[in-house]
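Have a look at the fold, then see how you do.

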Protein chains: 2
Amino acid sequence: MKPPARKKRKGPPLRNLRLTIEYDGTRYFGWQVQEGKSTVQGEVERAVREISGSEATVIGSGRTDAGVHAVGQVANFRTSCRIPAAKWPLALNAHLPEDIRVVSAEDVPIEFHAQFNAKRKTYVYTVLNRDVASAIERDHCHFVRRTLDLAAMSEGAKFLVGTHDFRAFGSDMATKEKTIRTIDRAEILSERPRVRFVFRGTGFLYNQVRAMVGTLLDVGLGKAPPDHVKAVLEGRDRTKAGANVPARGLCLVSVEYD
Amino acid sequence: MKPPARKKRKGPPLRNLRLTIEYDGTRYFGWQVQEGKSTVQGEVERAVREISGSEATVIGSGRTDAGVHAVGQVANFRTSCRIPAAKWPLALNAHLPEDIRVVSAEDVPIEFHAQFNAKRKTYVYTVLNRDVASAIERDHCHFVRRTLDLAAMSEGAKFLVGTHDFRAFGSDMATKEKTIRTIDRAEILSERPRVRFVFRGTGFLYNQVRAMVGTLLDVGLGKAPPDHVKAVLEGRDRTKAGANVPARGLCLVSVEYD
């Protein structure tokens, strides 16, 4: 007679680990696992499997697109593996490619969910504004040759702060996705020749940050006045916003939880 | 009867163009042309040939090793091509890979020689001093986990300033190369978690910067006191200096001329 199945499932209790992850998105098809494609989530899940000997879903705070980077992506996974939290970064990094690094790990309550519990996210978009593109930073910034009017862009960015329907900056609204979001920081920082666009908010629609930057660049290039941003926002019409800027300039900097 | 050969050689006079070049050395076997290998000089010479239709030697201020980067390498070449200097960067960049960018070009006297006329060079070596390596900066810094004593390294660096025989920091002194050099700046800058080693001097021996940084890291890690640097310098014995740190942290920042 076979022993009852339940016995085989006995073992140490499940725990929940929260990771902070840095990655260079250049080589990846974004965060989320996709069949037959190299993704950051796929790499981290493989590393967890190799260490713990069992499958685990690594839940990210949100997807990042192909080519988008992160210095502070947050993720969690449940495991019965007993390795102390402080040893997980070293263990995972030994199984990960050099362009993905687990920066820290900590035990969190079993119900913690990196996506659902995320309260605020900060993204930074970097534009290199000079005569010639950069050899060294080429995969981490968007190159703009014509001189940008930072004051005009800063004025335009102010219209984005607050709770708004950001439909005009979202991609493909065929689905009935809710498009109300709150942004509490939208700033242009000058680090000439670099210009940083900083956005902090409760969440962002698919491609929202890249469309907001594209719209602000229209202002910075003198194609539209600062209050064009307000008009686009209130018009709720995606065709009026600027083009999505390339993924390579975008970086998920941090995710905040209560 | 054939026309005299001299007639065929008539054409616009030769001019001398000076370029400032930025490159990400990761993919290259250094600056200097080598048979069958991908080098920065080789790429720039190919681009010049494709634009001007004739061969030219592109003379760099000096070689950089495999994996070493530059934001301000200077080079020159002679050509009879009449394209105005201001248009050369755009033309060359259209023929160069993204990890090599010509930042500027200018006409200089025909006798200008980027190597022989170089008066001073500035190199910066970047160490990332934190718990975990960086995914994003992995090819542009050397990762050191143990906390470095910056004050001790700064004290040690002072011994390098001045005119000295730097034999102890040069590679392979079997040849009778002259090993006297002058360094007028040797500083440790804190940009935590990054630590920058800045060296400015009349010139540097092969691998000198990397051996000096290796020696200073021995001081920063507490393996030796600051005056160890003085002892190594005065001992003129390569085996007493620290190990060469990896190429990826090194960047040629600028070259000065009279």
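This is a predicted model: local features need pLDDT of at least 70, side-chain atom pairs count only at pLDDT 80 or more; totals for chains, interfaces and linings use all residues.

Q: Which residues is H113(A) in contact with, leaving aside neighbours within four places in sequence?
A: H113(A) sits in the loop between strand 4 (100-108) and strand 5 (120-129) of chain A. Skip the neighbours within four places in sequence, and its contacts are I59(A) and N76(A).

Q: How do helix 4 and helix 5 of chain A pack: roughly parallel, roughly antiparallel, roughly perpendicular or oblique?
A: Helix 4 (residues 150-158) and helix 5 (residues 208-220) of chain A have axes 8 Å apart, at an angle of about 135°. Roughly perpendicular covers 65 to 115 degrees, and roughly antiparallel needs over 145. That angle therefore makes helix 4 of chain A, relative to helix 5 of chain A, oblique.

Q: Which element of chain B gives the most residues to the side that touches chain A?
A: The contact takes 19 residues from chain B and 19 residues from chain A. On the chain B side, the elements giving two or more residues are strand 1 (15-23), strand 3 (69-79), helix 3 (88-95) and strand 4 (100-108). With three residues, the top contributor is strand 4 of chain B.

Conventions: Residues are numbered from 1 along each chain as its sequence is written. Chains are lettered from A and ligands numbered from 1 in the order in which they are written. Axes are lines fitted to C-alpha atoms, for helices over the stretch in contact, and angles run from 0 to 180 degrees between N-to-C directions. Helices (H or I, at least four residues) and strands (E, at least two) are DSSP runs, numbered from the N terminus. Angles under 35 degrees count as roughly parallel, over 145 as roughly antiparallel, 65 to 115 as roughly perpendicular and the rest as oblique. Two residues are in contact if their C-beta atoms, placed from the backbone, lie within 7 Å.
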